[in-house]
Amino acid sequence: MNRRSEETSQMQIVEREEIDDDDDLFEAIDKLIAQGVNAGDVKKLQDAGIHTCNGLMMHTKKNLTGIKGLSEAKVDKICEAAQKIVNYGYMTGSDALNKRKSVVHITTGCQALDDLLGGGIETSAITEAFGEFRSGKTQLAHTLCVTTQLPTSMKGGNGKVAYIDTEGTFRPDRIVPIAERFGMDPGAVLDNIIYARAYTYEHQYNLLLGLAAKMSEEPFKILIIDSIIALFRVDFTGRGELADRQQKLAQMLSRIIKIAEEFNVAVYMTNQVISDPGGGMFVSDPKKPAGGHVLAHAVTIRLSFRKGKGEQRVVKVFDAPNLPEAEHVFQIAAGGVVDAKD
């Protein structure tokens, strides 16, 4: 087993180096200096959490002038320089199809679930899993912590993992048996996971801002947020604060979408459910995902999780732009998420 895990980690290192040399997914912010932008101004952008030219183009000028020390004239010059480096105009459908080829599908560890998702959890997109407690959402998150680090030849993402935990449910000891199932060294797997426990929605947002610096330096392939809504439900109470809550939630989701597209990483986030008394007596399941329309429009793929018999769980494609509505059964085992046994 040890020799096998050593071979796997060597294979990962070799493959990861090749991928890095292969093509740059983003343009580093330092390239602005060659376009005549002052190095001090570039440093100010980095301090504000902007580390790539692609990320810079995702900010409004109003946001950029809010950075201390950047005047409107400087911002205009910076944006002009960035436009020379990054093409943010129109492209043909063929170019868009070519760009989609850089999307990686990360295996969930369960063949039936991979088939349901068209190959696995995809990068440059947000996959949301909602369901009641004990429906398997966090178990899938732990399994993805390991499968993301598998080489691409084994349907992995060949990259590191960022995990933001708002509910205190991350268990590093749970990673060990999952890593062993895939023949990987548990110590090396845990070293490739960066973990943060968030306590307020502001803390959660600041953790996302700090992530850009790490992702611009190291090959991350997934961001896991468990769960997206928990802190908003605590920090904002009552209908009087609902509009403010939804606005702050929209800003956070906008930041997450930008991270996913800027660094070509997969985003897997869990969501809680709320009772829907207005659903009527003819609705089989009167529970709906929390977060309202703001969250519904922001995510790319929505998955509904529910309990099945014993250790079995049922997952259904609730909403996706490119997947048919279908459902599959998976099972939770010591080695994480596995195919259901009849």
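In the predicted model, the elements that cover the buried residues of helix α10 include α9, α11 (186–191), β5 (193–197), β12 (327–333) and β13 (336–339). Helix α10 itself spans residues 172–181, and its buried residues are Arg174, Ile175, Ile178 and Ala179. Viewed down the axis of α10, these buried residues fall within an arc of 135°, so they line one face of the helix. Just after α10, glycine 183 adopts a positive phi of about 70°.

The largest nonpolar core comprises 39 residues, and Leu113, Ile224 and Tyr268 have the most contacts inside it. Helix α9 (residues 137–147) contributes the largest share of this core, namely 5 residues. A second, separate core consists of 32 residues, including Met215, Ile228, Phe232 and Val267.

When residues up to four places away in sequence are not counted, tyrosine 268 touches Ile121, Thr127, Ala129, Lys137, Leu140, Ala141, Leu144, Ile222, Leu223, Ile224, Ile225 and Phe305.

At the level of the whole protein chain, the secondary structure comes to 15 helices and 13 strands. The protein chain has 342 residues, of which 47% count as buried. Among its contacts between residues at least 6 apart in sequence, 67% join residues at least 24 apart.

How values were computed: Residues numbered from 1 in each chain as written. Predicted model: local features only at pLDDT ≥ 70, side-chain atom pairs only at ≥ 80, totals over all residues. Heavy atoms only, no water. Helix = DSSP H or I, 4+ residues; strand = E, 2+ residues; numbered from the N terminus. Buried < 20%, exposed > 50% of the residue type's maximum accessible area, 1.4 Å probe, protein only. Contact = heavy atoms within 4.5 Å. Core = buried A, V, L, I, M, F, W, Y, C linked by side-chain atoms within 4.5 Å. Arc of directions from axis to C-beta.
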